[in-house]
Amino acid sequence: MITHDITAQFHSATRHVTAGTLVKDDHFSLFEAVGALEIGDPKMDSGCLEPGESLDQEFDVTKDILPEELIWLMDGLLNREEEDFTTQLFNRELLHKFAGESISQIAFEALIAVGESQINPQLKDAISARLGFRHEVLGMLMKHTNSEAPPSSHTTTMHQSLDAQQKSQPLSKPVSEAFSTKLQRRLASTVPPRPMVTVSMDQAWNFWHQMLDDCSNIFSVRQATHSQDLYIAYQIFAYSSPQPSTYPRALLQMFLTNENLVGSRIEPSYFLEEDIRSLTLPASQLLRVANGTYGRFCHGNQRVADTMQEFIDRFEHNFVNLYRALCLNSCRMRRTFCHALLEWDNLQAQVEELDAIIQEAVHEQPTPYLPGSPPTFSFSLSSWIYHHKLNVLQLTIQMGFELAIYAPHELAGMYWYLSSICDIHLSHLERISHFVTAKDTEVKRSKMTPAVKEKAIKECKDALDRLYKQYAWIKATQLLAGTMHGIFVVLQRYGVFVNQQPLYSSDMMRYEIRMKPFLGLSIPEPLSHDDSEREVQMQNIDTEEILDQVTGFSADAKKAWEEVSKTTWNMFPITNDVNHASVLTERRTADLKDCLKAAIAASLCVLSLKKVLKNDAWKEKAQKEARLPAPGVKGRWHRWWILPALPPV
Amino acid sequence: MAGTVRMQTSNGRLVRHAMNDEERRPLTPTPTNLPASEIGKLIQTSPPDIAYIQYDISLEPKYLPQMRALIAKDLSEPYSIYVYRYFLYQWPELCFFAIDTSTPDRDLVAVVICKLEKHRCGPLRGYIAMLATQEGYRGKGLARTLVSKGIDLMIAKDADEIALETEETNVAAMKLYESLGFLRSKKLHRYYLNGNSAYRLLLYLKPGVASIPMDEYVDPYELPPSAQDDPMLVQGLEDREELFSRGIV
C-alpha cells in the first residue's frame, strides 16, 4: 500500500474555510448527516462513559441472589416491549443454537429443583408459577412454528398462572443494576444509544393476557373455508380493539403463505379463482375445477386459456396482499391501502382488455343492464377487481377517521365522500347481480347432467348470497355515513367545527392534500373541489330540510345495521377443529353492536340539532364546547363513527 | 376548460388542464394588500425585549451552541453538529431565531430551522425540521412568528409545498400548524425513539401540487451503513424526511 501524508495539503485547503462551512459532495444527504455521531456526546456516543463508569455489565449473573430478587428479575424479563425488534438485535443471535425442546427441558428441571428446595413455601410457589409459565409459553411458541393451535386448556392454564404471578409480585425485591442499556451500547457502537423503555408491571400483565388470547383466537381464522370468509375473518382481527400486537399479527400473516398454501388449505391461484367464482363468475367454464389447466375448461379455446392464465399469474399475489395488509399496524395498513388502490386501478384498466378478448372468444351476447340502456357486456374479471378496489377505498377512508387524520372541519366532506363511494359500490354490486342472475336463469334452463346442474345452481346461489351480504353491509355504511354528513354540515351551519380561515393555502389546496391518495384513480373519478363543495355543503337546501332528510337516513341506518347483525359473517360452513368456534362471531357481533350504538347516537344527535335550530345561545355554547371523543373515550361508539359530544339541549 | 383545476381522465391517465399564470399564483384567503410572501406579517408578534433575527453563517460561533442546547433540551433524539450544519450551511436564510434583548448576552430563546429542495424530483418542498421555544417564553407567539417567517420566505422562493412531522402527543405543535392551514396527511407508527407515533403535516402553496410526478420510493438500502441498523430509519421509509423530523413548541 502506498500512503501519502496529506496533512499539509489539508491544512492549506482548510485555511480559508470559516467555521460552519460544510464541505460536501452532492451525495451527502440528510441521511449521512443524521448518520454522523459525535464522539464524546453521551446522547450520541454509545461508548461515552461518565467519570468512573465502566462499559461492563455491573450485574454478575453467576452471583447468588435471593429468591425475592429472582422473582423481581423474572417479572422484569416479562416486562419487555414487544415490537418488530429483529433489527434491534444488532445481528446478535438469540439462542438459535438451542432447540426449543432442550430449553423446555431445563425449565422443567428447574421447576423440579425449586420444588425440592428448602425456601419459604410462598416464594417457592411464586417461583414455580413463573417457571411453569415460561415452560408453557415455550410450548405455545413451538406449536405455532408448526402452525398448530395450542389446546384451549393450555391457554386457560397460562391465564391462571399470570394471575398467580401478579398476586405474588409484591414478594419481589428489586435488583435494579440487572437491566441497563450497556449491552445495547456495546453492540450498537455505530448508532446512538436507545433510551430504555419502561413499562409498568400492570401494563405488562394485561399485555400478556391479551397476547395469549389473540394467539389462541387467531387460529380460528383457519376455520374459514372460503376466500371471502377468510377476508372477513382477517378484518375481524385487524379491527379488534386493541389491535392484536405484533407477534399474533405475524402469526396471522404466516397463515397466508405457510407451505405456499393460503390458510393451510389452498394454493394462491385457486384461492383467487375461488373468490372470482363466488362473485362474478359462478358456474363458468373460464375457471378451473381442480388441478386443471385452462386449455381444458376455457371452452377449449387456447386464446381464452392463455388470457385466463395471464390474469391469474398477474393477480394471485396482489390478491393475497390484500389479506397481508390486514396484518399490518393500522398506520401502515392505511398507507398500504393507498398504494394498493393505485395498483388495482391500473390493473383494472389492463384487465378490461382481457375481458374484451374473452367476450369475443366466447361470443358473449351483450344485454341491457338498466331499462332502456344500451346492451352491455359482463366484464366479469374487471368487475371483480372493481369490487375489491371499492372495498379498499372504503376502508382507506374509514381508517382516516380511526387514525384521527381528518381535521374536525373535514368530517362533513369525508363522510360525504364515504357515502358517495358506497353509492358507487352499491350500483356496482347491482350490476354484478344482474349478470349473475342472468347466468342463474341460463343454468336452470340448460340441459346438463343433474349433478353438474345442481353444482352450477349452487354456485350461482352462493354468488347471489355473497352479493346480498356485501350489499347489506355497504348499504348500512352508506346510510350512516349520509347521516354523519348531514350532522356535520348542520353543525358547521351552526358555527361548530368551522375552519377559521387559516392564514396560508386555500380550501381548494387543502382538498387536494386530502384527496391526494385518490386523485390518480381513473375510476371512481374524484370530483373537482367546486363540485365536491356543492355536494357536501348543499347550499341550496335549507337546514330544516337537511335535518328532515337526515332523520330519515338515521332511522334507515339503524334498521340497516340491525339487518346486518342478523346475517352470519361466513357464507360457507366453518370447520370445527378448534374449540373456540364462536370467537369470530363474538367479535363481529360486538363490533356490529358498536355500529348500531353509533347509529342510535346519530339519530339522537339529529333530534337535538332539530331542537336547537333557532337557539343561538346553544350554538354559541356549542362553538366553544363541542368536542370529538377520541377512540376509547366515552361517547366514541365506534372507531369509524365520530359522534360529536355537544352541550345538552 | 381553462380557469379550473378540475381533474379529468382519458385512457386512465390523469390530465391536468392548462392554467394561466394568474391561476398558478398561490391563493391568499385573507383580504389584504400584502403580497403572498408577506402574509405572515398578519400574525407575527413583537413582544417587548424580543428581536427576531435571520440566521447567517457568521452567527454560528455565538448562536449555534445556544440553538443546540435549546433543541437538545426538548428532544430525546440526538443530533450531531453535522445535522445542524447540513441545514444551516445550505439554507442559512431559512433559519430564524428570537433573542431576548434584555439579557446581557442577548440570549437565543426560540428557533426554527428549515430546508427547501425538490422532493423526490417532484415538487419543491419546504421542510420545517426543528422548532423550539424556551420555557418561560412560550405563549407569546414566538414560534408562530418564526414559522410564518420561514413559510413566507419559502413562498418567496417559489416553494410548492411545506411538510413536517410532529409527535402525536404534541397538541400545541399540531394546533399551531393546523391554525396556519396545515393538514395531517398520514400517521407514522412508533416514529420516535420514545415509541410515540407521529403525524405528517402538509401545506400546499400552489394548486395542482398533488399531481406533480415524483420518483418512486427511496430504497432503504441507500442508507448509510450506520443507519441501516436502525429500525426507526428503515421502517416506513417512504419519504426521505421520515427519518428526521421535529416539531416542538
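**Exercise 1. Relative orientation of two helices**

Task: In this predicted model, determine how helix 6 of chain A and helix 8 of chain A are oriented to each other.

Solution: 
- Two packed helices are described by the angle between their axes and by the distance between those axes.
- Helix 6 of chain A covers residues 152–168 and helix 8 of chain A covers residues 201–217; their packing angle is about 180°, and the axes lie 10 Å apart.
- Angles over 145 degrees count as roughly antiparallel. Helix 6 of chain A and helix 8 of chain A are therefore roughly antiparallel to each other.
- From helix 6 of chain A, the contact draws on Thr155(A), Met158(A), His159(A), Leu162(A), Asp163(A), Gln165(A) and Gln166(A). Helix 8 of chain A contributes Asp202(A), Trp205(A), Trp208(A), His209(A), Leu212(A), Asp213(A) and Ser216(A).
- By class, the residues of this contact comprise five nonpolar, six polar and three charged.

**Exercise 2. The setting of Gln492(A)**

Task: Decide whether Gln492(A) is buried or exposed, and identify the backbone oxygen that lies 3.1 Å from a polar atom of its side chain.

Solution: 
- Gln492(A) belongs to helix 17 of chain A, which spans residues 450–493.
- The relative accessibility of Gln492(A) is 18%. Buried means under 20%, so Gln492(A) counts as buried.
- Leaving aside residues up to four places away in sequence, Gln492(A) touches His409(A), Ala412(A), Phe497(A), Val498(A) and Gln537(A).
- Among these, Phe497(A) supplies the backbone oxygen, 3.1 Å from a polar atom of the Gln492(A) side chain.

**Exercise 3. The contacts of Tyr52(B)**

Task: Locate Tyr52(B) within chain B and list the residues that it touches; then find its polar partners.

Solution: 
- Tyr52(B) is part of strand 3 of chain B, residues 50–54.
- Residues up to four places away in sequence being excluded, Tyr52(B) touches Thr45(B), Pro47(B), Phe97(B), Ala98(B), Gly141(B), Leu142(B), Thr145(B), Leu146(B) and Lys149(B).
- Phe97(B) is 45 residues from Tyr52(B) in sequence, yet their C-alpha atoms are 5.7 Å apart.
- The Tyr52(B) side chain reaches the backbone oxygen of Thr45(B) at 3.0 Å. With Thr145(B), Tyr52(B) forms a side-chain to side-chain polar contact of 3.5 Å.

**Exercise 4. Chain A as a whole**

Solution:

How values were computed. Residues are numbered from 1 along each chain as its sequence is written. Chains are lettered from A and ligands numbered from 1 in the order in which they are written. This is a predicted model: local features need pLDDT of at least 70, side-chain atom pairs count only at pLDDT 80 or more; totals for chains, interfaces and linings use all residues. Side-chain values use heavy atoms; hydrogens and water are left out. Axes are lines fitted to C-alpha atoms, for helices over the stretch in contact, and angles run from 0 to 180 degrees between N-to-C directions. Helices (H or I, at least four residues) and strands (E, at least two) are DSSP runs, numbered from the N terminus. Angles under 35 degrees count as roughly parallel, over 145 as roughly antiparallel, 65 to 115 as roughly perpendicular and the rest as oblique. Contact means heavy atoms within 4.5 Å. Ala, Val, Leu, Ile, Met, Phe, Trp, Tyr, Cys and Pro count as nonpolar, Asp, Glu, Lys and Arg as charged, and the others, Gly among them, as polar. Buried means under 20% relative accessible area, exposed over 50%, partly exposed in between (1.4 Å probe, protein chains only). A polar contact is a pair of N or O atoms within 3.5 Å; within protein, one must be able to donate a hydrogen and the other to accept it, and residues adjacent in sequence count only if both atoms are side-chain atoms.
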